[in-house]
Amino acid sequence: MSAPYSEACPSVKNILLLDSDGKRVAVKYFSDDWPTNAAKEAFERVVFTKTQKTNARTEAEIAMFENYIVVYKFVQDLHFFVTGGDDENELILATVLTAFFDSVGTLLRGNVDKREALENLDLILLCIDEIVDGGIILETDPNVIAGKVASNSIDSAAPLSEQTLTQAFATAREHFTRSLLK
Amino acid sequence: MAQPLVKKDDDHDDEAEYSPFLGIEKGAVLQEARVFNDPQLDARRCSQVITKLLYLLNQGDTFTKVEATEVFFAVTKLFQSRDLGLRRMVYLIIKELSPSSDEVIIVTSSLMKDMNSKIDMYRANAIRVLCRITDGTLLTQIERYLKQAIVDKNPVVASAALVSGIHLLQTNPEIVKRWSNEVQEAVQSRSPLVQFHALALLHQIRQNDRLAVSKLVTSLTRGTVRSPLAQCLLIRYTSQVIRESGNNTQSGDRPFYDYLEGCLRHKSEMVIFEAARAITELNGVTSRELTPAITVLQLFLSSSKPVLRFAAVRTLNKVAMKHSMAVTNCNIDMESLISDQNRSIATLAITTLLKTGNESSVDRLMKQITNFMSDIADEFKIVVVEAIRSLCLKFPLKYRSLMNFLSNILREEGGFDYKKAIVDSIVILIRDIPDAKESGLLHLCEFIEDCEFTYLSTQILHFLGVEGPKTSDPSKYIRYIYNRVHLENATVRASAVSTLAKFGAAVDELKPRIFVLLRRCVFDSDDEVRDRATLYQNTLGGDGSVVETDKDVKDFLFGSFDIPLVNLETSLKNYVPSEEPFDINSVPREVKSAPLAEKKAPGKKPTGLGVSSSGPPSTADSYERMLLSIPEFANFGKLFKSSAPVELTEAETEYAVNVVKHVYDKHIVFQYNCTNTIPEQLLENVIVIVDASEAEEFSEVFSKPLRSLPYDSPGQTFVAFEKPEGLATVGKFANILRFIVKEVDPSTGEAEEDGVEDEYQLEDLEVVAADYILKVGVSNFRNAWESMGADCERVDEYGLGPRESLAEAVNAVITLLGMQPCEGTEVVPPNSRSHTCLLSGVYIGNIKVLVRLSFGLDGPKDVAMKLAVRSEDETVSDAIHEIVACG
């Protein structure tokens, strides 16, 4: 039933967040191309090993394999990937990657590493949920995404980047106590 | 880049302790989920537990049915909490658990309450969750709310409803189609993303209505589309409309081209690229149309963003396949990309250059590539090797430097696939460029001196045996071949022996020397090698004297082997249990594996060493072969036409039956393809009872029942009729499927002994005039029309009455006549008032027919048609008119 790309809506096949060993931090698949967990893990392994040695820390990089286009960007020990079909507009996929990468950056307040990501896994999962719904791009503005996700920890729906210092301090303190209690 | 690495090392030890999920265990988390049932909910605690559950699912853990249900029921309790964050997590886990339909009911009311809540965040998310887990019946209940949500003033809510609509269209199209008005309103939304989602949904609702899509595109391309994503969509839809409106290039400008070109100046790179790509993919794009697109892509080539460079070079690479001249302007930018950090970009740049390069730049290019080859992966190298092969075929004079390049990389390290690609390329060059033969063969000889792949060695030895004896000095290859007999494994030794024998058989001067070598091989440790050596020794004859061996034997051993292996295999299988001696001549040669024809076919992937990939035979071919295998049909003569399958049952009935009509000169055969879709049944003696009382000129001559029809494996039964010779006799046939049904035990799969006779009513089948006309196109209709002459021309005018559209009328006539539309004239440009359609075909009795149809709109809906027919026989021209007059 799949229409040729030129008539189809841009779509995302998966969003992956892996650590520096290629292990999952958070992943979400929107396509049936990988029916089993084993197939998913195999794909992640290929993606990880083939991109591992590249320098994708300043600009998003791109690669193509197995008829998929993967755009990716790394920071600290986190590897961000967005996959699309081989006919997809590369720049649309890159926009989704930027949305994911930057909104996670905002949500984790700049401390983007694996530990922080796992401690705020709920935020990461909500973030993915706000970017793509069943393969269709829902929102691409990182500030709006972060705002939607973070609206649970602050009362107003104001984007996080526009928080006042006091607010930021309050949330940071709350965060700190939470990690102490664990 | 070094900094994060150092940091990581420092933290590495305590990092493990810090993972909040260290030592997490499914059982324990499921226990923890009991907090969901507490009367006093601790929202934060509950959120944490949900996160843990999601973490487990994310890591690939699965919940059993019972576990999932338990978690689901516990989660539904959490709707009592008013905590925003917790509610978001509840939505998330409900989607992940994807509850079954009887469970969904439990949360429906809570979600519907959220859908009408004052908090927009709740509404948007509740819509997405509900639509994800809902089914058709529930959907009708919430439809009203969804329609409201689509035009909601909050963009997040509207987007949620629209995106859900896109998903639901796959499962419940009839419901979603009722939302058109709301969706149309949403297309005008001020929010960019709402516009994007609305446009996507609106197009999907209307995608089968070409006129509506065309109208949509026309109105939107004039208006303002705010979101870049929506703009990309619109570009895609526009190129679809352009594609379907056919080629209007001779009449001047292509419709909508200006819009696409305008998008090249958009402020978003995403849109610029989408438009550039759309232009390069236009059918029959002219160089004038291409230029602006190539210019923006060229700018992208020097962008600092790898994604942009990749997108541009990939598109240019595709353009280079068809319009290499258009891309040459970018060559300088492309050359600088050879050293790009991103190897995908570099490889694409190189292969593009290889396609666009001219003869003079080949040497310079090869120098650059040599440096590049050492540091890319095998998969990229294969792409480069293939590009070099086609370059060499394009510039045969340059074979020397290209062949040298191939032989150099052949000596370097590499995996099997890479080496095979190189060897295949050399073989193809040897075949197609005679000058390259000798040097190519020597390169291959050198390669097998040190080749670790048995498969490649044997293939090369075989190839040497074929090509080597035809060279000016065959003796120089003998050393390489005989070395194999000493140094290699048994498989390679055996094929080396065969190759030696081929040299001996083909070159008389070499025969005595070959004979000596073969004699040495008789003492080999391997049976096969010894056997081959002995066999060839005997056929070639001793002491250099030419022995008068049977010519057939020689042909068989050294000639080309032209029997399809599949057929040989079947024949040998039949031979094993039989008593008769095997005769190679009895093996049928019909199967068209056609390895020779395929080798030269341009554009196709060239096949390497005698590996032929025979594509699936055309359906007409396979029908003919199948019918020939039935003796009763063998004397019907040549098959004229086989129709496309006509369904005789509704979809999803117990038995699915379709029919193919095979037309012969004096006969017609109905082939009923039956499928039994009931696992608990086995059908036997399946036959179709045909009532031809409404087809008086047909008389049944034969029917072939189907012995048994098990579940889900299609079978055929045939009924043949005699009809007046050479005439296009039409008629209507009533069909009843009759069979014996036997119950099958689903556990054992065995059928019961006794069966019951039963019947099943099928739909009627008609033999129409179109069944007697073959679709055969002509390349130049005008020439064909002129050369046919006006002798047997018949012209008349018809009123077709009110029609839905001009296009619909054109299609109806084409289907009625069953002829081949020529020169793309079957496509009617939107909004046109008149149209000319050209058809060609072959009438039964092998009579060529050409038809020129001129349609015009007469009043708002009435269509009038002028039909001009030319053929080799005036009775046929009349017959065509009769078809139209009766239709």
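Predicted model: local features only at pLDDT ≥ 70, side-chain atom pairs only at ≥ 80, totals over all residues.
Arg411(B) pairs up with Glu446(B) in a salt bridge, with 3.8 Å between the closest N and O atoms. Across all chains, the structure holds 43 salt bridges, and a few of them are picked out below.

**Salt bridges in chain B**

- Back to the opening pair: Arg411(B) is exposed, with a relative accessible area of 57%, while Glu446(B) comes in at 39% and is partly exposed.
- Asp527(B) and Arg530(B) also meet through their side chains, with a salt bridge of 2.5 Å from N to O.
- This one stays inside a helix: the two residues are three apart in α31 (residues 527-540) of chain B, so about one helical turn separates Asp527(B) from Arg530(B).
- Asp527(B) is partly exposed at 48% relative accessibility, and Arg530(B) is partly exposed too, at 28%.
- Lys742(B) reaches Glu684(B) in another salt bridge, the closest N and O atoms being 3.1 Å apart.
- Here the partners sit on strands, Lys742(B) in β9 of chain B and Glu684(B) in β5 (residues 681-694) of chain B, so the bridge ties together parts that are 58 residues apart in sequence.
- Lys742(B) is buried because its relative accessible area is 14%, which is under the 20% cut-off; Glu684(B), at 23%, counts as partly exposed.

**A network with members from both chains**

- Salt bridges with shared partners join Asp129(A), Glu130(A), Asp133(A) and Lys148(A) with Arg88(B), Lys95(B), Arg128(B) and Arg132(B) in one network.
- Two of those members, Arg88(B) and Lys95(B), are among the buried residues of helix α5(B).

**Helix α5 of chain B**

- How far apart are the end C-alpha atoms of this helix? They are 20 Å apart, which agrees with the 20 Å that the 14 residues of α5 (residues 84-97) should span at 1.5 Å a residue.
- The helix is mostly covered, with twelve of its 14 residues buried.
- The buried set includes Gly85(B), Leu86(B), Met89(B), Val90(B), Tyr91(B), Leu92(B), Ile93(B), Ile94(B) and Leu97(B), and Arg87(B) is in there as well.

**A negative patch on chain B**

- Glu680(B), Glu743(B), Asp745(B), Glu750(B), Glu752(B), Glu753(B) and Asp754(B) gather on the surface as a patch of negative charge.
- One of them, Glu752(B), is found in the loop between β9 (731-743) and β10 (756-761) of chain B.
- Glu752(B) has 47% relative accessibility, so it counts as partly exposed.

**Chain A at a glance**

- Chain A has six helices and seven strands.
- Along the sequence, they come in the order β-β-α-β-β-β-α-α-α-β-β-α-α.
- Of its 182 residues, 57% count as buried.

- Arg109(A) isn't a glycine, yet its phi is positive, at about 55°.
- You'll find Arg109(A) in the loop between α2 (90-107) and α3 (114-119) of chain A, where it is partly exposed at 37% relative accessibility.
- Asn685(B) also has a positive phi, near 45°.
- Asn685(B) belongs to strand β5 of chain B and is partly exposed, with 43% relative accessibility.

Note on methods:
Residues numbered from 1 in each chain as written. Chains lettered and ligands numbered in written order. Heavy atoms only, no water. Patch = residues over 30% accessible without salt bridge, like charges linked within 9 Å, V, L, I, M, F, W, Y side chains within 5 Å. Areas by Shrake-Rupley, 256 points an atom, 1.4 Å probe, with all protein chains shown as cover. Salt bridge = Lys/Arg side-chain N within 4 Å of Asp/Glu carboxyl O. Lys, Arg positive; Asp, Glu negative; His and termini not counted. Charge placed at Lys NZ, Arg CZ, Asp CG, Glu CD. Helix = DSSP H or I, 4+ residues; strand = E, 2+ residues; numbered from the N terminus. Buried < 20%, exposed > 50% of the residue type's maximum accessible area, 1.4 Å probe, protein only. Expected span 1.5 Å × (residues − 1).
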